[in-house]
Amino acid sequence: RQEVGCWSHCRRYFYEAAIGKEPLAREALYRIHRIFENEARWAREGPARKKELRDRITRPHVEAFLVWAEAEYERLQGERGLLRSAFGL
């Protein structure tokens with residue numbers, strides 16, 4: 001199990017890198033957006049239903065994001081800039 005901070009803060013760092021025309025940052029924003037879309041659709045659901053939906057639908061997106069981000073971070077470790085910072089947070 002891996003702890004993740006606030007998705008809004010995570011998204012902000014990728015947004016800053018995307019302004020610099022970084023394709024990987026745009027990919028990260030797309031992946032995070034899918035998570036936010038699900039949460040918006042489920043806003044009126046009760047806590048138990050939200051948990052079930054998160055476990056079934058959102059968890060695979062989050063796990064795929066973390067695997068992808070870890071691989072990209074390893075690749076970018078020697079670089080400097082907003083993109084590396086976004087992946088390194």
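The buried residues of helix H2 are covered by elements that include helix H1 (7-19), helix H3 (47-76) and helix H4 (82-88). In this predicted model, the buried positions of H2 are Leu-24, Ala-25, Ala-28, Leu-29, Arg-31, Ile-32, Ile-35 and Asn-38. Helix H2 itself comprises 19 residues (23-41), which at 1.5 Å a residue should span 27 Å; its end C-alpha atoms are 27 Å apart, in agreement with that expectation.

Helix H2 is also linked to helix H3 through charged side chains. Arg-54 forms a salt bridge with Glu-39, and their closest N and O atoms are 2.7 Å apart. Because Arg-54 belongs to helix H3 and Glu-39 to helix H2, the pair ties together parts that are 15 residues apart in sequence. Both partners are partly exposed, Arg-54 with a relative accessible area of 35% and Glu-39 with one of 26%.

Salt bridges that share partners join Glu-45, Arg-49, Glu-52 and Arg-56 into one network.

Disulfides, by contrast, number zero. The sulfur of Cys-6 lies 8.8 Å from the closest cysteine sulfur, that of Cys-10, which is too far for a bond. Cys-6 is partly exposed, at 41% relative accessibility.

Definitions and conventions: Residues are numbered from 1 along each chain as its sequence is written. This is a predicted model: local features need pLDDT of at least 70, side-chain atom pairs count only at pLDDT 80 or more; totals for chains, interfaces and linings use all residues. Side-chain values use heavy atoms; hydrogens and water are left out. A disulfide is a pair of cysteine sulfur atoms within 2.5 Å. Buried means under 20% relative accessible area, exposed over 50%, partly exposed in between (1.4 Å probe, protein chains only). Helices (H or I, at least four residues) and strands (E, at least two) are DSSP runs, numbered from the N terminus. The expected span of a helix is 1.5 Å times one less than its number of residues. Contact means heavy atoms within 4.5 Å. A salt bridge is a side-chain nitrogen of Lys or Arg within 4 Å of a carboxyl oxygen of Asp or Glu.
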